[in-house]
Amino acid sequence: GDPALGLARRCAALSDNRASVRANALAGLDLTGVDCGEEMPSELLLTDSSEVVRIAAARHLHHLLARPEKAAAIAASPPPTTATCWPLKKAASQVAQ
């Protein structure tokens, strides 16, 4: 299938009402080495009612920050516009140093 379509579906699944779908979407992103940006996983980490989803979001964000180019890009970006992005920006700054 079309890789862009698969990515779009995984990104859309991060907003699904079912915790298992959100957690599996994050796992799918990790397995393929792609991401939908850091805002939605950060939001899930901080606010999702499901512990499984919060753990999956933390794992996904950790994988994002493990890529030096991604950590440097996040650290160099303008200040976050929402409070939910702040923990990621702070962690990226520490990794990029």
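Is C11 buried, partly exposed or exposed? At 24% relative accessibility, C11 counts as partly exposed. The classes are set by relative accessible area: under 20% is buried, over 50% is exposed, and partly exposed lies in between (1.4 Å probe, protein chains only).

The structure is a predicted model, in which local features need pLDDT of at least 70 and side-chain atom pairs count only at pLDDT 80 or more, while totals for chains, interfaces and linings use all residues. Residues are numbered from 1 along each chain as its sequence is written, and side-chain values use heavy atoms, with hydrogens and water left out.

The secondary structure of the chain consists of six helices and zero strands. Read from the N terminus, the order of elements is α-α-α-α-α-α. Helices (H or I, at least four residues) and strands (E, at least two) are DSSP runs, numbered from the N terminus. The chain has 97 residues, of which 31% count as buried. Its accessible surface comes to about 5700 Å². Carbon and sulfur atoms account for 59% of that surface. Accessible areas come from the Shrake-Rupley method with a 1.4 Å probe; for residues, only the protein chains shown count as cover. Among contacts in the chain with a separation of 6 or more, 48% join residues 24 or more positions apart. A contact here means heavy atoms within 4.5 Å.

One disulfide is present in the structure. The term denotes a pair of cysteine sulfur atoms within 2.5 Å. In general, a disulfide is a covalent bond between the sulfur atoms of two cysteines. The partners are C11 and C36, with their sulfur atoms 1.7 Å apart. The link of C11 and C36 is left-handed, with -90° about the S-S bond. C11 lies in helix α1 (residues 3-13), and C36 lies in the loop between α2 (19-32) and α3 (39-47), so the pair ties together parts that are 25 residues apart in sequence. C36 is partly exposed, with a relative accessibility of 28%.

Two salt bridges are found in the structure. A salt bridge requires a side-chain nitrogen of Lys or Arg within 4 Å of a carboxyl oxygen of Asp or Glu. One of them joins the side chains of D16 and R18, at 2.9 Å from N to O. D16 is partly exposed, at 21% relative accessible area. R18 is exposed, at 52%.

The side chains of R22 and D48 also meet in a salt bridge, at 2.8 Å from N to O. R22 belongs to helix α2 and D48 to the loop between α3 and α4 (51-66), so the pair ties together parts that are 26 residues apart in sequence. R22 counts as buried, at 8% relative accessibility. D48 is buried as well, with a relative accessible area of 10%.

Helix α3 has P41, S42 and L44 as buried residues. They cover an arc of only 160° around the axis, which puts them on the same side of α3. The arc is that of the directions from the helix axis to the C-beta atoms. S42, in helix α3, has a relative accessibility of 4% and counts as buried. The side chain of S42 reaches the backbone oxygen of E38 at 2.7 Å. Such a polar contact is a pair of N or O atoms within 3.5 Å; within protein, one must be able to donate a hydrogen and the other to accept it, and residues adjacent in sequence count only if both atoms are side-chain atoms.
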